[in-house]
Amino acid sequence: MRFCILGETRAHRDDGTAVPLGGPARRALLALLLLRPGAVVPAERLAEETNPAAPLSAHALQSQVSRLRAALGSAAPIERTGAGYRIAVPYDTVDAGRFERLTRDGRDALTTGDPAGAAALLREALALWQGPALADLPDSATAQAAAVRLEELRLTALEDRLEADLARGEHRSAVAELRELAGHHPLRERTAALLMRALAADGGQAAALTVYEDTRRHLADELGADPSPELAALHQELLRSSPRRPTPARPPAQLTALIGRDSEVGELHTVLQRARLVTLTGPGGVGKTRLAVAAAGAEPGEVCFVPLAPLRDHTALPEALLAALGLPGAGLHLGADGPAPADRLATALSDRALLLILDNCEHLLDGAATLTARLLTACPRLRVLATSREPLGIIGEHLHPVRPLTPDAAVRLFTDRAAAVRPGLTVAQDTVRRLCAALDNLPLAVELAAARLRTLDLDDLVRCLDDRLGMAARGARTADGRHRTLRSVVGWSWELLTAPERRAARRFSVFVSGATAPTARHVCGTDPDILESLADKSLLEHTDGRYRMLETVRTYAAEQLDAADDPTAVHRAHAQHFLDLVRTADAQLRGADQLDWLARLTTEHDDLIAAVGRSVAALTPETALALIAAAAHYLWIRGIPACAAPYAAALLDTLDGEPPAGFEEEFAVCVLLAAAGPDGRPVWQRHRSRAETALETVWSGTRQGRHPAALLLWVLRSAADGDPHRAHALITAHRTASDPWLWAVAQYVTAFGALGEDDEGAFAERALHDAVDAFRAAGDRWGTALALDAQAAVAGARGDHGRAVAHTEEALALTEQLGATADSADLLVARADHLADTDPGAARADYTRAAALARRTGNPACLAAAMRGLADLALGDGDPAGAERLYREALERLDPHWVRSLGNRVRTLAGLARVAEAHGELPTARSYYRRAAEAMSLPGAAAPVVLRLLNLPEPLRTAVLRG
């Protein structure tokens, strides 16, 4: 039998049927007994509190107990014991008991880093509440005290559940609930803190700070108190740094109304509620993308739009998805190998409710199908809406063929577009209907035809198309037939262009994601009037200051380019434009205009990578090397060097490992980029020595090359996997350089060279201080954050955790400006490490935020680091079992071959050793210490230095070194 007191008092048999309890006196009596099942309640208290206005007599109480016994039967015996009564049922059969157990389990899951499990348990607990606790005992003093306690537990459970939701990235849905809760309980500081965190996670830092001020005012006015140290610390944290949550790419805004698809939008909305993969199929120009965008607009929650048309190789798919999700890698570090992009995607989407739109899959069908199947398997809350001329062919795929418009809708579309180009024009509906039928009612064909009414009358338009297509009604058509119709209409529109218009359109097809007017004029060799004319004729679109070409039209134009021009010459012009752009940007990225140039290059990213790919495939190796080297600094600041890695590796194969004369420096950068891919280690090992020699021919002594950033990138990579001393020698010669940025790099690198020799780290700290000042003076936020991170590590190793926290917070503020979310997560872990001994509460908050951000950005190494930190705290709190579970989870996520994981691998293994010591298992402890020491023997690792930077206590450091 089950009992309810969280609301009205009720009893249910195991089969779910309700037990008739009778009037209010019996319900009140049962509620009093259920407050403490198995405990004796004095008869006098039962008599008084069952009905305080008219206490029951002894006889009346006995009568009510008898009737209640009869109703409940033997499943819930009510026993007379001494001077009172008790009900002999387990506490877990009462909803209040189950609620307390579930909330305890949920809180335990939350504190041990399992927000998904915590959220499920807490939701189950909160669902038990059906109204105010002990609603049938409104006047009982005992019940009122119990109800207050239960209500406080409910509010705490609700806050725990909301905290779990925030840890899972569900901050948007939590904001409204938290605002309502804060409105009802303006003095609850934890609610205010959760609301502040939720707002800040969505970029609402100002709104979060307003919540703090409102809470501070309420506390002062009503209690005469100040905010707690924890809330004040959160306020300061938001003032100092508020890492932005990565924002997925939204579907493109539509310039015109969608006509004739309302019922399909509703149908898709219904299908998407039950199917996790829906593919819109149909010929080009039928309106698949427009329909997908409209359907996404009707969906709740997050939507991410990924245009696949610019991609030419399925290996670029994972990187394209990461970019669309706003998930670049970490730009402050250079690892030997990182997690594969597909692994990062699976981590980032593992517990995220998102609708992913994959637009134009047909030319990457196998790769798109493989990646989609993997993500749907690994990410249970992910849904995918794909557009393709063919199905993906995945189990569970729901196909939705997109048909041409109905005749009436096609007429409305033509009339609407005609009115836009010829206001006031009156057209004969029968003629329009015949015209649309000849065009198979294909939306793109109808729009292209309507655009011609700017210069043609309707009758002339009909005659032109009659010559091209024939005007007879065609009945049912296959997709291939409709595709031929569309090509005929595009070809007809093409033939009506002037020769300069056709030339500009052909050349514009080299842009994979559009271009600004100046760029289009330069590459296409045309003028503004020609571009405007092409837009008027619907062969180009002009939005947000950029011209774009519909993919169907671009495919046709590219075919014409191959037939009528020398495509190599156009590709060379395209590549030269982007080479000039990145060469200009390379210097600006080291200065005060860094953010502006990062934004500009991000906008041009797809075409930049396309230029790199074409240069490797069809242009000269020298052009490809120049492009790769000039773009490298931008790619590393953004944390996305892997997107160019396949092209760099292919170029190295073409060169057979030998740099062309005069391009030694560019060759070395090409090796760096090739090594940044998921399979980059063999490439690095094969070409590192030759590349290092090539770099030395340019940068030996005080000579300087064309790419100063290459030196820094090389040193960082060599420190991870190579010969750091040889790399250091390349750059320390420039400690007297006149270039401030290069001088800052030399100070930064010199500091690490000194760490192995200077036990106190004083020289290193001075050098890093100089590097920070120089980077800051140059305006380079990335370099400043890089040096501040190192400065914090050195300060922490010297025991100055206050200074380490200050340096880390400044670095966090800079990564926020750079939009480097993955770096922000890493820095949160670093700050927590510095706070762990002095402020474990703040450290726990940072580790928890870092874990949530790491999950969101698909950063398994940072997630492992955050779990390791939470395990350290659990061990310090006397919970070796909880610590061991977290350590083991962290160890599973740490790549033993990735140098960025080295520090946390050592700390995790050392933590497991300490757990074994706590259990008295000394052989096991020695084994873990030995593994930690062996981890320090990875190539390029200076064990004593790294251990000191890890901030391990001296006895533990010695134990690891000795094994």
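Glu604 counts as buried, at 6% relative accessibility. In this predicted model, the Glu604 side chain meets that of Arg546 in a salt bridge, with a distance of 3.0 Å from N to O. The pair joins distant parts of the chain, 58 residues apart: Arg546 belongs to strand E13 (residues 546-548), while Glu604 sits in the loop between helix H26 (594-603) and helix H27 (605-618). Arg546 is buried as well, because its relative accessible area of 7% falls under the 20% limit.

Side chains of opposite charge can pair when their charged atoms come close. The count of salt bridges in the model comes to 50.

Another of these contacts is the salt bridge between Arg161 and Glu177, where the closest N and O atoms are 2.4 Å apart. Arg161 lies in helix H6 and Glu177 in helix H7 (residues 171-184), so the bridge ties together parts that are 16 residues apart in sequence. Arg161 is buried, with a relative accessible area of 7%, whereas Glu177 is partly exposed at 28%. Both residues also take part in a network of salt bridges, whose members are Arg123, Arg161, Asp165, Arg168, Glu170, Glu177, Asp351 and Arg381.

A further salt bridge connects Asp136 with Arg27, with 3.5 Å between the closest N and O atoms. Here, too, distant parts of the chain are linked, 109 residues apart: Asp136 is in the loop between helix H5 (115-126) and helix H6 (141-167), and Arg27 is in helix H1 (residues 24-34). Asp136 counts as buried at 17% relative accessibility. Arg27, at 23%, counts as partly exposed, because buried means under 20%.

The backbone deserves a look as well. Most residues other than glycine have a negative phi. Asn360, although not a glycine, has a positive phi of about 70°. Its place is the loop between strand E8 (354-359) and helix H15 (365-378), and Asn360 is buried, with a relative accessible area of 14%.

Asp656 is another residue other than glycine with a positive phi, near 55°. Asp656 is found in the loop between helix H29 (645-655) and helix H30 (664-675). With a relative accessibility of 66%, Asp656 counts as exposed, whereas Asn360 is buried.

Terms used:
Residues numbered from 1 in each chain as written. Predicted model: local features only at pLDDT ≥ 70, side-chain atom pairs only at ≥ 80, totals over all residues. Heavy atoms only, no water. Helix = DSSP H or I, 4+ residues; strand = E, 2+ residues; numbered from the N terminus. Buried < 20%, exposed > 50% of the residue type's maximum accessible area, 1.4 Å probe, protein only. Salt bridge = Lys/Arg side-chain N within 4 Å of Asp/Glu carboxyl O.
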